[in-house]
Amino acid sequence: MNKIDITPRLEAKIQDELQIVVIDNFYDAAIAGDACPWLGKLFRFKVNSYLASYPYGMLPFGAADLVGTHWFLCRKTRGTRVDDLEPIMGIKMIDSGRTKTFRIPFPAFGYVSDPELEAHRHAIEHELEKAHEEGHALGYVGSWAMDAKVREDEVLSKICKKMTSSFISQWICTFNIQSMVSFANLRFHVEKFHTYLGLVRLVDRCGDHLTDFKMNVAFDQPYRATVFYRKNHTKEALQDMYDMQNSALWESRIIIASEQSPLYVKESSERAA
């Protein structure tokens with residue numbers, strides 16, 4: 001992925017037309033009421049985006065979506081109320097601490113459930129064990145979706161990729177993620193984006209790269225298992241985050257989270273500074 005520089009003119013256009021929305025844990029945030037209207041909007045956006053790239057039947061939503069952290073880039077149709085915002089890009093993050101709290105499986109296992117992927121399951125289990133021994137949770141990033149029309153717009157598509165990099169890096173820093181796993185769709189060359197962020201191929205306990213595989217739940221599209229360690233966080237991805245943090249777009253972000261959320265605490269301290 002090539003670096004994209006945001007010119008002042010483009011920055012003004014982005015600020016006028018786009019909006020960042022972050023929702024952490026629908027389960028908790030729904031108590032405040034602000035999150036509920038977003039649940040249907042998120043589901044509709046994910047289904048429509050996936051139908052443009054996958055056969056009918058690919059489910060982009062599960063239990064982890066109800067308790068994970070969602071980052072959106074939205075297009076403003078009028079203002080900044082929920083009815084005025086249409087997601088054009090979104091991605092979900094969650095960690096093993098959150099899945100343990102809610103007694104749901106770590107989502108990565110759901111993608112490698114076929115019998116022939118035993119080595120992949122063992123590798124993820126090993127990463128979970130390492131994270132536990134080191135005193136931190138293991139993260140997972142997935143469900144990256146982009147509006148089909150946005151993919152056709154070269155500039156907006158690059159902006160969405162830069163913002164995805166920024167969102168992931170911001171989540172890593174805010175939630176203190178030391179390691180995470182993910183899967184790269186080889187059909188869309190997502191492995192190049194993973195390399196840009198600092199993810200590498202996941203290995204088995206002998207240190208050998210896991211084989212690429214056809215993911216059953218993704219209708220046999222080709223995937224590669226990847227892993228991220230904080231020490232490998234690239235300067236390019238971090239710079240994307242710094243660029244976002246210094247933008248008017250980030251300053252006007254909408255955060256929907258409970259008071260227990262790391263995002264809420266981070267948001268409050270930043271606003272007070």
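Helix α9 (residues 190-197) is largely enclosed by the rest of the structure, because 6 of its 8 residues are buried. Buried means under 20% relative accessible area, exposed over 50%, and partly exposed in between, with a 1.4 Å probe and protein chains only. Helices (H or I, at least four residues) and strands (E, at least two) are DSSP runs, numbered from the N terminus. The model is predicted: local features need pLDDT of at least 70, side-chain atom pairs count only at pLDDT 80 or more, and totals for chains, interfaces and linings use all residues. Residues are numbered from 1 along each chain as its sequence is written, and side-chain values use heavy atoms, with hydrogens and water left out.

The buried residues of α9 are Val-190, Glu-191, Phe-193, His-194, Tyr-196 and Leu-197. They pack against β4 (138-146), α8 (154-174), β5 (179-185), β8 (221-229) and α10 (235-245). Contact here means heavy atoms within 4.5 Å. Just after α9, Gly-198 takes a positive phi of about 115°.

The axes of α8 and α9 lie 11 Å apart, and the two helices pack at an angle of about 50°. This makes α8 oblique to α9. Axes are lines fitted to C-alpha atoms, for helices over the stretch in contact, and angles run from 0 to 180 degrees between N-to-C directions. Angles under 35 degrees count as roughly parallel, over 145 as roughly antiparallel, 65 to 115 as roughly perpendicular, and the rest as oblique. From α8, Lys-161, Thr-164, Ser-165 and Ile-168 meet Phe-193, Tyr-196 and Leu-197 of α9.

The largest nonpolar core holds 39 residues. Such a core is a set of buried Ala, Val, Leu, Ile, Met, Phe, Trp, Tyr and Cys residues joined through side-chain atoms within 4.5 Å. Ile-23, Trp-38, Phe-72 and Phe-183 touch the most other members. Helix α3 (residues 36-51) gives the largest share of this core, 4 residues. Another core, of 34 residues, lies apart from it and includes Leu-73, Cys-160, Ile-177 and Phe-228. Beyond its neighbours within four places in sequence, Phe-72 is in contact with residues including Ile-23, Trp-38 and Phe-167.

Most residues other than glycine have a negative phi. Asn-25 is not a glycine, yet its phi is positive, about 65°. Asn-25 sits in the loop between β1 (18-24) and α2 (26-29). It counts as buried, at 3% relative accessibility. Asp-220 is not a glycine either, and has a positive phi of about 65°. Its place is the loop between β7 (213-215) and β8. At 45% relative accessibility, Asp-220 counts as partly exposed.
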